[in-house]
Amino acid sequence: MPAAPGGAIVRRMTSTSASAPVLRPALQEIVGALTWRRTTVAAGLAVLVAALLNPVFTIPFWVLLGRTVFIAVLLLIAFAAAGTWHPRRIPRWLAQVLAVVIAAPIATLLAYMPSIDGNLTNLLSSEGRVMGFVYITTTVLMIAPLLALGALYRERDAQARAALLGFALERSTLEKEALDSRLKLLQAQIEPHFLFNTLANVQALVESGSPQAAPVLKSLIAYLRAAMPRLHAGASTLGNEIALVRSYLELMQMRMPDRLAFAVDVPADIAAREFLPMSVLTLVENAVRHGIDPSENGGRIDISARREADGSIRVIVADTGAGMNPSALPGTGLTNLESRLRGFFGAAARLELHEARPHGLSAEIVFPAQAPSDAPTAPPGARP
Amino acid sequence: MTAATALIADDEPLLRERLRAHLARLWPELEIVAEARNGREAIELFETHLPRIAFLDVHMPGLNGIDAARAIARRAELVFVTAHENYAVQAFEHGAIDYVIKPFEEARLADSVTRLKSRLAAPQPLSADFETVLDRLAGELKARAGAEGRKYLQWIRASVAASVRLIPVEQIAFLRSDEKYTLVVWEGGEALIRTPIRELVEQLDPDTFAQIHRSVIVNLRQVAQIDRGFNDTAEVRLKNRREVLPVSRSFLHVFRQM
């Protein structure tokens with residue numbers, strides 16, 4: 001008779017490692033399901049049943065005990081085997097309980113085989129044996145399915161706990177990712193190549209006495225102030241973020257006036273919302289680096305925001321540049337952004353990348369309309 | 001002596017102007033015969049004007065300054081102009097190739113001008129490994145651009161509603177062939193693509209994606225559990241999803257103990 005599982009049947013892959021979960025050969029799996037605990041409970045019950053039935057039986061106690069132990073072992077094996085090879089259409093728990101119910105009379109019959117010399121008529125001709133068979137089968141049928149259900153209940157419990165642990169692990173992994181991405185953000189935000197090229201341009205403007213020099217320097221200062229690593233980069237508004245993006249784009253436009261055009265269209269009510277700092281900037285920098293800069297003819301960058309039919313808000317950075325190569329690695333900026341978005345706006349926030357026609361990329365941040373403080377700030381632990 | 005002529009190539013117009021202005025002051029006789037905005041223009045204009053000197057920005061769209069230099073080769077004196085490309089500067093020093101770092105001091109440019117004048121007066125052969133240095137640099141620049149050298153797909157291009165989405169492969173749960181198409185199922189939804197399973201299995205990183213059935217590829221990172229069924233088959237359950245995927249006998253080895 002089956003007893004509680006030792007968790008051997010439950011193999012949940014909780015780690016995020018890429019290695020394939022291991023599938024053990026079937027026989028090993030069945031043996032694995034025959035835990036000490038199960039075997040002990042089965043043996044104990046066999047002794048108990050034998051003791052209870054002993055007064056009714058005329059045969060010696062040890063023969064009766066031999067039969068009940070034999071039956072218990074067979075039923076335990078049936079239970080384990082059904083757990084491993086259940087037909088696809090039948091749920092595993094039902095297969096296991098049915099296996100025990102069907103195996104009970106067969107196991108009892110087999111237990112009688114030695115005393116009837118394998119001849120069924122010997123069994124049927126003796127009223128005592130028929131009664132014994134009926135007694136044992138009835139007792140087994142009463143106890144075994146209940147035990148099987150008990151074992152399954154415990155197993156489900158263990159599975160639920162494993163799932164919970166899995167979720168907790170996944171959650172902590174996501175939290176770690178969010179932390180990592182914050183750290184990455186703190187490091188090297190300003191690319192030396194960008195900075196020195198921009199300064200070279202400013203130098204050119206200053207030397208030629210261009211009136212453009214002062215506003216360009218203002219943009220550079222605004223950009224540097226925002227992009228400088230800060231420890232307490234909390235919430236900002238979308239409006240602030242757009243102002244930063246404008247500074248950046250003005251600098252880039254000074255550098256490549258013939259190759260870059262841009263426009264910003266963000267409604268005031270959306271601009272006032274709390275927003276994840278350095279998020280739109282990441283998309284715009286990506287658009288310049290992978291879309292405009294590699295293209296001889298350059299292109300446009302359009303930044304817009306709108307409210308969707310379902311109430312969520314969509315912030316769009318669309319470029320008409322070179323577009324994304326399908327085997328190009330998503331720069332750390334982009335991969336980080338998705339986990340940062342979830343950390344800030346909750347699990348429903350996401351980053352979508354759409355290909356633009358005839359070429360270019362549209363990167364879109366979508367987040368639920370309620371304030372970030374209402375949304376779960378932790379990464380999604382238990383997505384449905 | 002033939003006139004000193006030069007080509008300036010830089011994608012940033014202000015920087016072309018600044019270089020031209022400083023050269024005019026340091027070397028009034030030098031004639032700037034052409035200005036190019038990218039490597040392709042630099043090569044075309046070089047062929048048209050055949051100047052004796054080429055000032056080439058390293059980072060330019062399309063063909064870059066190194067590509068242009070490889071085309072010009074030993075037909076002109078080359079000076080690279082670069083902003084903080086350390087790897088390039090190292091290569092130039094190694095190959096004894098002249099360079100100027102942006103933003104440059106006029107004194108630094110003056111040194112280059114002196115060297116150029118003496119070289120034009122008495123041409124000296126370039127260092128023997130000039131081509132090798134440039135070839136290596138060109139390869140490095142391509143790798144940095146990220147366009148090449150990546151073996152596996154990072155994005156799947158799929159039509160969703162009216163738009164073409166780029167789906168990061170790490171978000172994909174599984175791919176399943178569906179008559180003529182392949183169904184892509186990822187965190188954000190489902191889409192049909194035309195690339196067949198047998199082609200995708202070759203393009204995706206085998207450390208993350210495994211074919212488990214004639215018609216199914218699964219992302220191993222998204223597998224939650226494997227249940228063994230009858231007759232050497234199994235089923236795969238995924239994290240946070242309801243779908244159950246079949247594992248056929250011939251692909252069962254994917255999950256065998258390694």
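Q: What is Val284(A) in contact with, leaving aside its neighbours within four places in sequence?
A: Val245(A), Tyr248(A), Leu249(A), Ile301(A), Ile303(A) and Val317(A). Two residues count as in contact if their C-beta atoms, placed from the backbone, lie within 7 Å.

Q: Before we go on, what kind of model is this?
A: It's a predicted model, where local features need pLDDT of at least 70 and side-chain atom pairs count only at pLDDT 80 or more, while totals for chains, interfaces and linings use all residues. Residues are numbered from 1 along each chain as its sequence is written, and chains are lettered from A and ligands numbered from 1 in the order in which they are written.

Q: Ok, how many residues are in the largest nonpolar core?
A: 118, and Val284(A) and Phe55(B) have the most contacts inside it. A nonpolar core is a set of buried Ala, Val, Leu, Ile, Met, Phe, Trp, Tyr and Cys residues joined through C-beta atoms within 7 Å. Buried means 20 or more other C-beta atoms within 10 Å of a residue's own; exposed means 12 or fewer, and partly exposed is in between.

Q: Which helix gives the most to this core?
A: Helix H9 (residues 238–255) of chain A, with nine residues. Helices (H or I, at least four residues) and strands (E, at least two) are DSSP runs, numbered from the N terminus.

Q: Switching to Arg225(A): buried or exposed?
A: Arg225(A) is exposed, because it has 11 other C-beta atoms within 10 Å. You'll find Arg225(A) in helix H8 (residues 213–227) of chain A.

Q: Now chain B. What's the strand order in the open sheet?
A: The five strands go S2-S1-S3-S4-S5, with parallel pairing. Strands pair if DSSP finds at least two bridges between them.

Q: Which strands stand at the edges?
A: S2 and strand S5 (98–101) of chain B; each has a single partner strand, so one side of each has no neighbour in the sheet.

Q: How many bridges do S3(B) and S4(B) pair over?
A: Five, in the parallel sense, with S4(B) covering residues 77–82. Ile53(B) stands opposite Glu77(B) in S4(B).

Q: And which residues of helix H2 in chain B are buried?
A: H2(B) spans residues 39–49, and its buried residues are Gly39(B), Glu41(B), Ala42(B), Ile43(B), Leu45(B) and Phe46(B).

Q: What covers them?
A: The cover includes strands S1 (5–9), S2 (31–36) and S3 (53–57), plus helix H3 (65–72), of chain B.

Q: What comes after H2(B)?
A: Leu50(B), whose phi is positive, near 45°.
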